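Biologist: I would like to learn how to read a sheet and its aromatic pairs. Where do we start?

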Amino acid sequence: MGKVSLTSRMAIAFMFVVTVVLLAAAISFNYFCQLHFERKDAQVLNEKAAAVERMLRGSSEFGPETASRIDAVIEHSFGFATAVVVDGKTVYSHHNLSESLLPLVTDIQEERWTVSFGGHQYSGITRKVNRWVEGQDTVIYLALDVTHRIHFFDMIQQWFAYTLVVSALLSGALGVVLIRKGLKPIDELSKTSSTVTANCLDTRIPTESVPGELHELVDNFNEMLSRLDDSFIRLSGFSADIAHELRTPLNSMLTQMEVALLRDRENTDYKDILYSALEELRRMSKMVDDMLFLAKADNGKITPSAEGTSMAEITTSVIEYYELAAEDKKVEITLSGDGSVHGDKSMLRRAISNIVSNAVRYAEEGSIISVEISQSGNSVSTAITNRGITIPAELHTRIFDRFYRVDTARREGTTLNAGLGMAITRSIVDAHKGRIACESAEGHTTFTLTLPRLMSS
């Protein structure tokens, strides 16, 4: 059995709501109408009973004159039947109440009653006349034939049932039409998504004719296409970069090998060629390792060891490694502060190394690179600042995207210039449940790594 479509579900829900509302309205109408007529019956019966009681009290005994006056009151009202019982003996009966209805109502204790007889339904009242004639019990029985009204309500209920069925069917059909019209933007969204390919990511859905409830969905879809488009552009750029980075050492090795094979050479020359090829192979191996690391990060397979480590100790070892490179550029690296974190020493050393390497490469000659470690609450922050080029504000977050390069024209044959270094750094920080941020203004650029602090037990 196939899944029920959204249009069908909404149409059924719409039909159900309409049916429930109409049913509630019909039940309410029927209830209040019957309540109204019952109250009206009670009012009329009480008035007639009070009139008969006044006539009885106006005379000392029940005689033809009293019966005549009661007849005059009752005859002007349609559907009434009346009986007067004195000491268990019926002294007055109008419309043969004593013969037909009286045996059914004399045992009823309530003042108001309803009985059915001979296909008719009567609504009646029992009124006792106290102290009318000394030593005699007098009871007035007054009944009103409400059969015609019962038939009317039965007919109304049938009409309501027919109307309910027809309204449910019409509301369902109308709901399908209106819902299909309302879901048209979703249909357009589906058609647009079916045309999206890697070579066609510039398609967007206009929001002018989209209902307000779907604006967020359409906006999110358009933003998703924009992100995909941007990712594919960067991926294409990365592919070109990787191809260039791999082609450079391969071409170098091919050239060296071809030249070496042109004529016989000394063993020393062959060793030099092999050493040169080995250097290129190491460079390529490093690049492949970095790509494999990022692939593992994408699949959540990077699991750093949880050991207490000092950020100052890790940073010191990185600074010592880049000390000679910094001296060549006449750049000084300073370190202040300390803080212990839970983490993997080798991974954190690699993350700090990527940032310090960039700081040394792009620092102005004769400037100072400062590394400041501080603790705040449950976190430890490591801020690395250098003076050099200013990174535009719109690139402060994008520089951490893998495969992204600020200047795609720079191809210096290193892994960092392929746009992997900062992406690897972010992956390491994310694996440690931390965060990394960049700030750059007026020639000063600061990268801040914030990691969970190692709390003493």
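Modeller: With angles. Axes are lines fitted to C-alpha atoms, and angles run from 0 to 180 degrees between N-to-C directions. This is a predicted model. Helix α9 (residues 311–321) lies across β7, β9, β10 (379–387) and β12 (444–452). Helix α9 runs at about 170 degrees to β7. Helix α11 (residues 345–362) also packs on the sheet, touching β7, β9, β10, β11 and β12. The direction of α11 makes about 20 degrees with that of β10.

Biologist: What is the order of the strands in the open sheet?

Modeller: Strands of a sheet pair through backbone hydrogen bonds, either parallel or antiparallel. Here the 5 strands run β7-β9-β10-β12-β11, with mixed pairing. The edge strands are β7 (332–336) and β11 (435–441). The twist averages 15 degrees from one strand to the next.

Biologist: In which sense do β7 and β9 pair?

Modeller: Parallel, over 5 bridges. Threonine 334 has serine 370 in β9 as its bridge partner.

Biologist: How many aromatic pairs are there?

Modeller: A pair of aromatic rings is described by the distance of the centres and the angle of the planes. The count here is 5 aromatic pairs. Phenylalanine 29 and phenylalanine 160 have ring centres 5.7 Å apart and planes at 85 degrees, so this pair is edge-to-face. Phenylalanine 29 lies in helix α1 (residues 6–57) and phenylalanine 160 in helix α5 (residues 147–182), so the pair ties together parts 131 residues apart in sequence.

Biologist: What are the relative accessible areas of phenylalanine 29 and phenylalanine 160?

Modeller: Phenylalanine 29 is partly exposed at 43%. Phenylalanine 160 is partly exposed at 29%.

Note on methods: Residues are numbered from 1 along each chain as its sequence is written. This is a predicted model: local features need pLDDT of at least 70, side-chain atom pairs count only at pLDDT 80 or more; totals for chains, interfaces and linings use all residues. Side-chain values use heavy atoms; hydrogens and water are left out. Two strands pair if DSSP finds at least two bridges between them. Helices (H or I, at least four residues) and strands (E, at least two) are DSSP runs, numbered from the N terminus. Contact means heavy atoms within 4.5 Å. Rings of Phe, Tyr and Trp (its six-membered ring) pair if their centres lie within 6.5 Å; planes under 30 degrees apart count as stacked, over 60 as edge-to-face and the rest as tilted. Buried means under 20% relative accessible area, exposed over 50%, partly exposed in between (1.4 Å probe, protein chains only).
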